[in-house]
Amino acid sequence: MDLSNFLRAVFALALTLGLIGLAGVALRKYGPDAMARLASQKKDRRMKVVESLVLDPARRLLIVECDGRERLVLLGEGRLLGDLPAKESRDA
């Protein structure tokens, strides 16, 4: 291994580490918040989770708003346990 191959390997390593460092700085500055802002600007969503309550490790209670109506949903162990009608949205 001569000196030129060694210097080429050191330069490639420095360039790779520099690119990883730049990606880390960019991720901290523009991170997940910027990606969420871009995603929400595309169009208005019809469905959103208004509130979530963990009952125990296996069950969760959700209030889901869809097309202006709120629904109460009980989830458990990866499946829907019940769908109960809730009152109309507070805005209506």
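Two strands are said to pair if DSSP finds at least two bridges between them. With this definition in mind, one may read that Val 64 stands opposite Arg 71 in β3. The structure described here is a predicted model. Its chain contains one helix and four strands, and the order of these elements from the N terminus is α-β-β-β-β.

**The chain as a whole**

- The chain has 92 residues, of which 10% count as buried.
- The accessible surface of the chain amounts to about 8200 Å², and carbon and sulfur atoms contribute 62% of that surface.
- Among the contacts in the chain with a separation of 6 or more, 3% are between residues 24 or more positions apart.

**The start of the chain**

- Met 1 lies in the segment before α1, the helix that spans residues 3-41.
- Met 1 counts as exposed because its relative accessible area is 81%, and the cut-off for this class is over 50%.
- Met 1 also belongs to a nonpolar patch on the surface, together with Leu 3, Phe 6, Leu 7 and Val 10.
- The accessible area of these five patch residues is about 580 Å² together.

**Strands β1 and β2**

- Strand β1 covers residues 47-56 and strand β2 covers residues 59-66.
- These strands, β1 and β2, pair in the antiparallel sense, with eight bridges between them.
- They form a hairpin, and two residues lie between the strands.
- Within this pairing, Val 49 is placed opposite Val 64 in β2.

**Strands β2 and β3**

- Strand β3 comprises residues 69-76 and is joined to β2 by eight bridges.
- The strands β2 and β3 run antiparallel.
- A hairpin is formed by β2 and β3 as well, with two residues between them.
- Asp 67, in the turn of this hairpin, has a positive phi of about 55°.

- Met 47 is located in strand β1.
- Met 47 counts as exposed because its relative accessibility is 56%, with the limit for exposed residues set at over 50%.
- When residues up to four places away in sequence are left out, Met 47 touches Val 64, Glu 65 and Cys 66.
- Met 47 and Glu 70 are 23 residues apart along the chain, and their C-alpha atoms are separated by 9.6 Å.

Note on methods
Residues are numbered from 1 along each chain as its sequence is written. This is a predicted model: local features need pLDDT of at least 70, side-chain atom pairs count only at pLDDT 80 or more; totals for chains, interfaces and linings use all residues. Side-chain values use heavy atoms; hydrogens and water are left out. Patches are made of residues with over 30% relative accessible area and no salt bridge: like charges are joined within 9 Å, nonpolar side chains (Val, Leu, Ile, Met, Phe, Trp, Tyr) within 5 Å. Accessible areas come from the Shrake-Rupley method with a 1.4 Å probe; for residues, only the protein chains shown count as cover. A salt bridge is a side-chain nitrogen of Lys or Arg within 4 Å of a carboxyl oxygen of Asp or Glu. Buried means under 20% relative accessible area, exposed over 50%, partly exposed in between (1.4 Å probe, protein chains only). Contact means heavy atoms within 4.5 Å.
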